[in-house]
Amino acid sequence: MGNPGGFAAFRYRDFNLFIFAKFFAAGTYHMILVAVLYQLYDLTQNPLNIAMVNLCMIVPVFVFALLTGYVADSFDRKSVLTVTYSVLCIGATGLCIESYLGVTRMWLIYLLLLAIGTSRAFQGPTTNSLVPTLVPREVFANAIAWNQSTAKTAQICGPAAGGFLYLLGPEVVYGTAAATFLFGVLSTLAMRRGEVARKKSGINIELLLEGIRYVFNKRILFGAIAVDLITALMGGVQAMLPIFARDILEVGAHGAGILRSSMALGGLLAALIFTHVSIYRAGMTMMAACAVYGTAVML
């Protein structure tokens, strides 16, 4: 008997709460990113500020890389997710107040963005590990498919929505984001299920390093991750989109949102293609994709 498909996972109340909270929270994160990047560049015309914003979002992912999975496996995932949504809500509220008052203190903006980036670093592993606790085993594959599709769809809708809301003012974007994250907090608290992960006494260094050893021992996995990491770090064209939108294409904040959404749309199309097409030579396909990506960045 095959795995249930279609909307099977949505028959379960907790999964509905989880997936809607994730969709709005993920989309809202990209709304904030589009708005803050365009706002700072519009105010200062300094590309260094764009670099600093992206660093605030990316650095926590690297700094807490060993800790995020450990926390997701060691503590109650529902509680961890509630905390991350709460911090995201506080960060968005801070940006809203700062923008509404017209106070442009770069150190304060960077501090708020660091809080948002740190919360996102913990949110990802926690949401992924929470899915199996919300549906029965026979519906798990369907739930995973919806979980991934939701993330991609949010990456498309979020930047575009942020760009158009920016026309009403950046504080409108941040205020909407704060309200959306609050919805995530309330939805998570309303869940009845959510497995309590096993407790561990203290931080076990061996457990933290276990994943690294596994990756290094699997040469194929290590090579794939290394290529993906290098491509992402060296081809971060997303950071320059506010400059293209404002100075080159002259399409404003809504154009910057659409530009960022187009990249996520490409990712969604690729995911849909691979649901119907098998990859027989994964290594060559990955290298070809990297070559196309690099060529597109140069062009």
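1. Is Asp42 buried, partly exposed or exposed? In this predicted model, Asp42 has a relative accessibility of 32% and therefore counts as partly exposed. The reasoning rests on two cut-offs, because buried means under 20% relative accessible area and exposed means over 50%.

2. Asp42 has a charged partner. Side chains of opposite charge can pair when their charged atoms come close. The side chain of Asp42 forms a salt bridge with that of Arg246, with a distance of 2.8 Å from N to O. This pair joins distant parts of the chain: Asp42 belongs to helix 1 (residues 13-44) and Arg246 to helix 10 (residues 241-248), and the two are 204 residues apart. Arg246 has a relative accessible area of 27%, so this residue is likewise described as partly exposed.

3. Arg246 also takes part in a salt bridge with Asp247, where the N to O distance is 2.9 Å. Asp247, at 34% relative accessibility, counts as partly exposed.

4. How many salt bridges does the structure hold? There are three salt bridges in the structure. One of them brings together the side chains of Asp14 and Arg13, at 3.1 Å from N to O.

5. The next points concern the packing of two helices. Two packed helices are described by the angle between their axes and the distance between the axes. For helix 3 (residues 65-74) and helix 5 (residues 106-130), the axes come within 9 Å and cross at roughly 40 degrees. An angle under 35 degrees would count as roughly parallel, and one of 65 to 115 degrees as roughly perpendicular; helix 3 and helix 5 are therefore oblique to each other. Their crossing is right-handed.

6. Which residues make the contact between these helices? Helix 3 contributes Leu67, Thr68, Gly69, Val71 and Ala72, while helix 5 contributes Ala121, Phe122, Pro125, Thr126 and Ser129. By residue class, the contact of helix 3 with helix 5 comprises six nonpolar residues, four polar ones and no charged ones.

Key: Residues are numbered from 1 along each chain as its sequence is written. This is a predicted model: local features need pLDDT of at least 70, side-chain atom pairs count only at pLDDT 80 or more; totals for chains, interfaces and linings use all residues. Side-chain values use heavy atoms; hydrogens and water are left out. Axes are lines fitted to C-alpha atoms, for helices over the stretch in contact, and angles run from 0 to 180 degrees between N-to-C directions. Helices (H or I, at least four residues) and strands (E, at least two) are DSSP runs, numbered from the N terminus. Angles under 35 degrees count as roughly parallel, over 145 as roughly antiparallel, 65 to 115 as roughly perpendicular and the rest as oblique. A crossing is left-handed if the near helix is turned anticlockwise from the far one by less than a right angle, and right-handed if clockwise. Contact means heavy atoms within 4.5 Å. Ala, Val, Leu, Ile, Met, Phe, Trp, Tyr, Cys and Pro count as nonpolar, Asp, Glu, Lys and Arg as charged, and the others, Gly among them, as polar. A salt bridge is a side-chain nitrogen of Lys or Arg within 4 Å of a carboxyl oxygen of Asp or Glu. Buried means under 20% relative accessible area, exposed over 50%, partly exposed in between (1.4 Å probe, protein chains only).
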